[in-house]
Amino acid sequence: MRHINIPVFIPHLGCPNDCVFCNQRTISGHCDYQKENVRTEIESALETVEADSRVQIAFFGGSFTGIDRNEMIYLLSVAKEYIDKGMVESVRLSTRPDYIDKEILGILKGYGVKSIELGIQSMSDRVLLASKRGHTAKKSRLAMKLIAESGFELVGQMMIGLPESSEEDEIFTAEEICKSGAAGARIYPTVVFNDTELCKMAKEGVYTPLTLDEAVKRSKSAKSVFVKNGVEVIRLGLQSSENLTGSDNVYSGDYHSAIGEMVDSLLYYDIIKKRIEEENLADKLRGRDLIIYSAPGEVSKVSGHQRENKRRLQDEYYVKNIKVIEKNDILRYNIILSV
């Protein structure tokens, strides 16, 4: 069944402080929040949902469990009405590690919350401090443990290229999310928005924004950890919108709407190379044709962004021709080679 989120944005509500990278209103594209409009938003979205879809009402944009308690319960009760009517399966929300405890999780359970997306960002205290995140890695670890043990679906959100962060820090963060029992993850390469402290840091030379190549390479390293551990990456990079293009909102960070495909392409290149080495095919490929069998829907990623993987493999191994063919019994991020 198709999964659909009905997003209800509550930009910046519940956040105790401003992290250096955050301009939540720009990221979500929603500057105003009117709780009396929530029901209308949900019902308008439900009119477009196909009958056989699995639907969640998703409270995104702020730290949901940190907002005024009466406001939180009101929003949850509205969502619960649609669950009770059988029109919606459950609720999804995003929040911070320092706004999770047993009492809060008990409330969420009673209102049909199934999925909790936790803004971990990094599991390095050095990086969290430099980013003015306002909590420690220990707090993140405890929150992840409570969420998983309470039976919720945990999704860990992490960032690439934060101040003081290294590729090793990001790999470690991904590993810690996997160890927590997370069912999914989101990876966000850092984009430097105007009107943020990070923008000021970049202008002063205190922080160096990621280049596109760096963002792709380091995101690939983190995603490789999730793929290895069977944790689905449900999003890589911010949603494409007008708010993420042009100089009005974005100072730097090389946001690219196709970064998810670029990362997957690089990931597949590593997978293909590793398989060639494991099967001792390097010498056999010279001057011959290579067929790569892949999972359905993965041909363009295996071929590479703008067919880059094919060109690199031909140059490196002197392959005559490369063809990528879908095979129904192959899972994503797996391949079979035939010379």
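Strand β10 (residues 289-294) pairs with β12 in the antiparallel sense, over four bridges. Two strands count as paired if DSSP finds at least two bridges between them, and helices (H or I, at least four residues) and strands (E, at least two) are DSSP runs numbered from the N terminus. Within this part, Ile 291 sits opposite Ser 338 in β12. Before going on, keep in mind that this is a predicted model: local features need pLDDT of at least 70, side-chain atom pairs count only at pLDDT 80 or more, and totals for chains, interfaces and linings use all residues. Residues are numbered from 1 along each chain as its sequence is written, and side-chain values use heavy atoms, with hydrogens and water left out.

Now step back to the whole sheet. It is an open one of three strands, ordered β11-β10-β12, with mixed pairing. β11 (321-326) and β12 (335-338) stand at the edges with a single partner strand each, so one side of each has no neighbour in the sheet. Helix α10 (residues 259-278) lies across β10 and β12, at about 50° to β12; axes are lines fitted to C-alpha atoms, for helices over the stretch in contact, and angles run from 0 to 180 degrees between N-to-C directions. Helix α13 (residues 308-317) packs on the sheet too, touching β10 and β11, where contact means heavy atoms within 4.5 Å.

The other sheet to look at is open as well, with seven strands in the order β1-β2-β3-β4-β5-β6-β8 and parallel pairing. Its edge strands are β1 (3-9) and β8 (232-236), each pairing on one side only. Neighbouring strands here are turned by 25° against each other on average, direction ignored. Inside the sheet, four bridges join β2 (residues 54-60) to β3 (residues 90-95), and Ala 58 stands opposite Arg 92 in β3. Helix α2 (residues 38-46) packs on this sheet, touching β1 and β2, and its direction makes about 155° with that of β1.

What about the greasy parts? The largest nonpolar core has 63 residues, and Ile 42, Phe 59, Phe 64, Leu 76, Leu 108 and Phe 226 touch the most other members. A core here is a set of buried Ala, Val, Leu, Ile, Met, Phe, Trp, Tyr and Cys residues joined through side-chain atoms within 4.5 Å, with buried meaning under 20% relative accessible area (1.4 Å probe, protein chains only). Helix α3 (residues 69-84) gives the most to this core, with seven residues. A second, separate core of 19 residues includes Leu 267, Ile 276, Leu 290 and Ile 292.

Key: Buried < 20%, exposed > 50% of the residue type's maximum accessible area, 1.4 Å probe, protein only.
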